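Here's a quick briefing to read alongside the coordinates. Have the viewer open and follow along.

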Amino acid sequence: MGMDYYNILKVNRNATLEDLKKSYRRLARTWHPDKNPTGGAEAEANDPEKRAIYDRYGEEGLKGMPPPGSQSRTSAAAGSSGPSNFRYNPSDPDDFFAEFMASNKPYSFDQERTRFQPRSQWTAGNTRGEASSASHKESSTSTSQLEKPPAIEKTLLCTLEELYNGTKRKMKITRNVANTDGKVEIETEVLPVEVLPGWKKGTKITFPNKGDRLSGQLPQDLTFVIDLKPHDVYLLEGNNLVATQVIPLVDALAGTTIHLKTLDGRNLPIRVEEVVRPGHEIVLANEGWPIRKEPGKKGNLKIKFDVTFPTRLSSSQRAAIRQIMGG
């Protein structure tokens, strides 16, 4: 009868299909070359039709060789998909299991596809098992061995109004991409960039893997770095906005009302009642820069003054000033 497959799987002939599956899985883990380099291999039996052929004709039936005195029956059984179509090497567990199992797919172990090989084939340099294992290791480590190049940085120039209120941009970018032949091609893409209220110069917005994609390295990241256009009225100092107003000497002495247009488009009237001296400032709370970490809160608006003096005075003007100032 040849090899006793039931004995190999350590089950009796009345074993259920589930028993055969459990026995194969247990032996597969026991005799896998990674687990037991000195042992052999076992297989899962889960095809009732092939089991019936083995029970009736033995090992010769699985090999497509009719047993003595049973030629007519095996010939009939070999019509289209019967045992006469099977050709395998009994010394190779893969072929053996392929005949005795419904599936000849590799067994899944620890989420890695592993193909069992006879111990004799696990030799250095020229084995099918070694080549499969080496290929798996190379594919799993090749990516981890690649270096991530520094991100490509591009300047995103914004107005003070855009940073104060927030804005959305569509940025067209180009990248170098290596194709399968190693040639470098230019690829374009439009990226949506959202600038949030309260961001400042130097803020970075990074798009992972949107930079160059060249061979021998991981894809580069693409980073937009915010820069600030100069503003005609305001300067940003920390979370405070600073505006410098030029007023004539008469307004500095007699008082005035100045009007500022805020960054969100409001008209802000500011009454100057005190005498404006050198270094004088007016501070308005919560009219400054939006504070990102404290939603709804803003810094201060500081108003500084630059006083202009008349270039000439008539004698009567001089006399009037002296009279008024008591000099």
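Buried here means under 20% relative accessible area, exposed means over 50%, and partly exposed is in between (1.4 Å probe, protein chains only). This is a predicted model: local features need pLDDT of at least 70, side-chain atom pairs count only at pLDDT 80 or more, and totals for chains, interfaces and linings use all residues. Residues are numbered from 1 along each chain as its sequence is written, and side-chain values use heavy atoms, with hydrogens and water left out.

**His-280**
- His-280 counts as buried because its relative accessibility is 14%.
- You'll find His-280 in the loop between β11 (267-272) and β12 (281-284); strands (E, at least two residues) and helices (H or I, at least four) are DSSP runs, numbered from the N terminus.
- Beyond its neighbours within four places in sequence, His-280 is in contact (heavy atoms within 4.5 Å) with Glu-274, Val-275, Ile-303, Lys-304 and Phe-305.

**The three-stranded sheet**
- Three strands form an open sheet in the order β3-β7-β6, with mixed pairing; two strands pair if DSSP finds at least two bridges between them.
- β3 (152-158) and β6 (204-207) are the edge strands, each pairing on one side only.
- β6 and β7 (residues 222-228) run antiparallel and are joined by four bridges.
- Across from Ile-205 stands Phe-224 in β7.

**Leu-313**
- Leu-313 sits in the loop between β13 (301-308) and α10 (315-325).
- With 33% relative accessibility, Leu-313 counts as partly exposed.
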